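Please keep the sequence and the 3D view open while reading.

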Amino acid sequence: MWPRRDGLRVLELGTPGELRTRLTDLVLSGAKTATAGLLTLDYEAEGEELEHVGERLALVDDAGDRVADVEVTRVDLHPFAAVPWEFAQAEGEGFTSIQHWRDAHRRYWLAQGGQVDDTATVVCLWFHVTDAPTPAPE
């Protein structure tokens, strides 16, 4: 079961360290409004249910501190080879083509122990920030 904060499931992006920090910063800046999960690795292996539209998640940083809440606006399941460019762009990570997205995600999931072929189911999760800390005045 995924960790919870104040009754919300926790959203931890990427792997701890530089990647998680970069992805979390992209969400907080508004550039990242979607994230991908591999159904077998990120859900089935963890015994975790899919998110649903309207669900709120607690976004945490690399230290595990809650930095924002996000609300799920869309959940799509696609075969790996059919993930649309619109989604890759919404991930906000600077992918230059859908092939660039596929190459990066295939490497990431393989490194995490996932099996990725063209038919592997990808969970495409869309969200928006609903509550984030206000920066202190300078």
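## Hairpin and strand pairing

Gly-64 adopts a positive phi near 85° in the hairpin of E4 and E5, which has five residues between the strands. Helices (H or I, at least four residues) and strands (E, at least two) are DSSP runs, numbered from the N terminus. This is a predicted model: local features need pLDDT of at least 70, side-chain atom pairs count only at pLDDT 80 or more, and totals for chains, interfaces and linings use all residues. Residues are numbered from 1 along each chain as its sequence is written, and side-chain values use heavy atoms, with hydrogens and water left out.

Strand E4 pairs with strand E5 (residues 66-79) in the antiparallel sense, over five bridges. Two strands pair if DSSP finds at least two bridges between them. Val-60 stands opposite Arg-66 in E5. Strand E2 (residues 8-11) runs parallel to E4, joined by three bridges. Val-10 has Ala-58 in E4 as its bridge partner. Four of the five residues of E4 (residues 56-60) are buried, so this strand is largely enclosed by the rest of the structure. Buried means under 20% relative accessible area, exposed over 50%, partly exposed in between (1.4 Å probe, protein chains only).

## A buried arginine without a salt bridge

Arg-20 sits in helix H1 (residues 18-29). Arg-20 is buried yet has no salt bridge. A salt bridge is a side-chain nitrogen of Lys or Arg within 4 Å of a carboxyl oxygen of Asp or Glu. Which side chain of opposite charge is nearest to Arg-20? That is Glu-12, 4.0 Å away. Lys and Arg count as positive, Asp and Glu as negative; His and the chain ends are not counted.

Contacts (heavy atoms within 4.5 Å) of Arg-20 include Glu-12, Val-60, Asp-61 and Asp-62, not counting residues up to four places away in sequence.

## Salt bridges

The count comes to nine salt bridges. Arg-9 and Glu-48 form one at 2.4 Å, N to O. This pair links distant parts of the chain, 39 residues apart: Arg-9 in strand E2, Glu-48 in the loop between helix H2 (39-44) and E4. Arg-9 is buried at 5% relative accessible area, and Glu-48 is buried at 9%.

Glu-91 and Lys-32 meet at 3.6 Å, N to O, in a salt bridge. The two are 59 residues apart. Glu-91 is buried, at 1% relative accessible area; Lys-32 is buried, at 1%.

Asp-76 bridges to Arg-74, with the closest N and O atoms 2.7 Å apart. Salt bridges that share partners join Arg-9, Glu-48 and Glu-55 into one network.
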